[in-house]
Amino acid sequence: MLPKWRNGEYQSQPTFTLESLSESYYLSADRLCQAAARQQETPQQLTTRLQSDQKRQAAVRQQETLQQRTTRRQADQQRQAAARQQETPQQQEIRMNAWQRKLLLGKSQWTNSAFSYQPSLDYSEDKSIPIGPITDKICSYCNAMKYSG
C-alpha cells in the first residue's frame with residue numbers, strides 16, 4: 001500500500017474508511033476519464049499539460065522541508081523496490097533493455113560526430129544538441145561564423 005500524504009507528512013500506515021473506499025471508486029473512474037481525454041490530446045495540448053505539471057511539481061518540491069524530501073525519497077525507494085520484487089524476469093529484461101537503450105542513444109549517437117560530420121543529417125532538430133542560430137560573431141582564428149549555443 002502506498003503511503004498517504006496528510007498534514008504535511010507522509011503516513012506509512014494506511015487508514016481505510018467507508019468514505020475512503022468510495023473515494024477510491026470515484027478516483028478509479030476519474031483515472032479512466034483522464035486516460036480517455038489524454039488519448040484525444042493534440043501534441044500542443046500534451047506539451048502544455050506537461051509543462052504545467054512540471055511547474056506545479058517544481059513549486060511543490062521547492063516548498064518541501066528537508067525532512068519531507070527525505071521521507072518522500074525513502075517512500076519512492078520503497079515503492080520502487082516493491083515494484084521490482086513483483087516483476088517477472090521478462091519484465092525485468094524489458095526494463096533493463098529500455099534503460100540500456102536510453103543510455104546508449106543519449107551518449108553514443110553523437111559521440112565524436114564532429115569528426116565525421118554528415119551534411120544530410122539535420123543536427124539542429126535533435127533537442128539534445130544545443131545549437132542556436134548562427135550569430136554575427138566570427139572566429140578570430142579561422143573566420144568561421146559562430147553559433148549562439
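**Charged pairs and a cysteine in a predicted model**

Visitor: Leaving aside its neighbours within four places in sequence, which residues is glutamate 64 in contact with?
Guide: The model is predicted, and in it glutamate 64 sits in the loop that runs between helix 2 (43-62) and helix 3 (66-86). Once the neighbours within four places in sequence are set aside, the residues in contact with glutamate 64 are Arg69 and Arg72.

Visitor: Is glutamate 64 buried or exposed?
Guide: The relative accessible area of glutamate 64 is 12%, and the term buried applies to values under 20%. Because 12% falls under that limit, glutamate 64 counts as buried.

Visitor: How far apart are the closest N and O atoms of arginine 69 and glutamate 64?
Guide: As a general point, side chains of opposite charge can pair when their charged atoms come close. A salt bridge is counted when a side-chain nitrogen of Lys or Arg lies within 4 Å of a carboxyl oxygen of Asp or Glu. Arginine 69, which is partly exposed at 25% relative accessibility, forms such a bridge with glutamate 64, and the distance between their closest N and O atoms is 3.9 Å.

Visitor: Which residues are linked with Glu64 in a network of salt bridges?
Guide: Glu64 and Arg69 form a salt bridge, and both belong to a network of such bridges. The residues linked with Glu64 in this network are Arg69, Arg72, Asp76 and Arg79.

Visitor: About how many helical turns separate aspartate 53 and arginine 56?
Guide: These two residues form a salt bridge in which the closest N and O atoms are 2.6 Å apart. Aspartate 53 is partly exposed with a relative accessible area of 24%, and arginine 56 is also partly exposed, with a value of 49%. Because they stand three residues apart in helix 2, the separation between aspartate 53 and arginine 56 is about one helical turn.

Visitor: What is the relative accessible area of cysteine 139?
Guide: Cysteine 139 lies in the loop between strand 3 (134-138) and strand 4 (145-147). Not counting residues up to four places away in sequence, cysteine 139 touches Ala144 and Lys146. Cysteine 139 is buried, and its relative accessible area is 15%.

How values were computed
Residues numbered from 1 in each chain as written. Predicted model: local features only at pLDDT ≥ 70, side-chain atom pairs only at ≥ 80, totals over all residues. Heavy atoms only, no water. Helix = DSSP H or I, 4+ residues; strand = E, 2+ residues; numbered from the N terminus. Buried < 20%, exposed > 50% of the residue type's maximum accessible area, 1.4 Å probe, protein only. Contact = heavy atoms within 4.5 Å.
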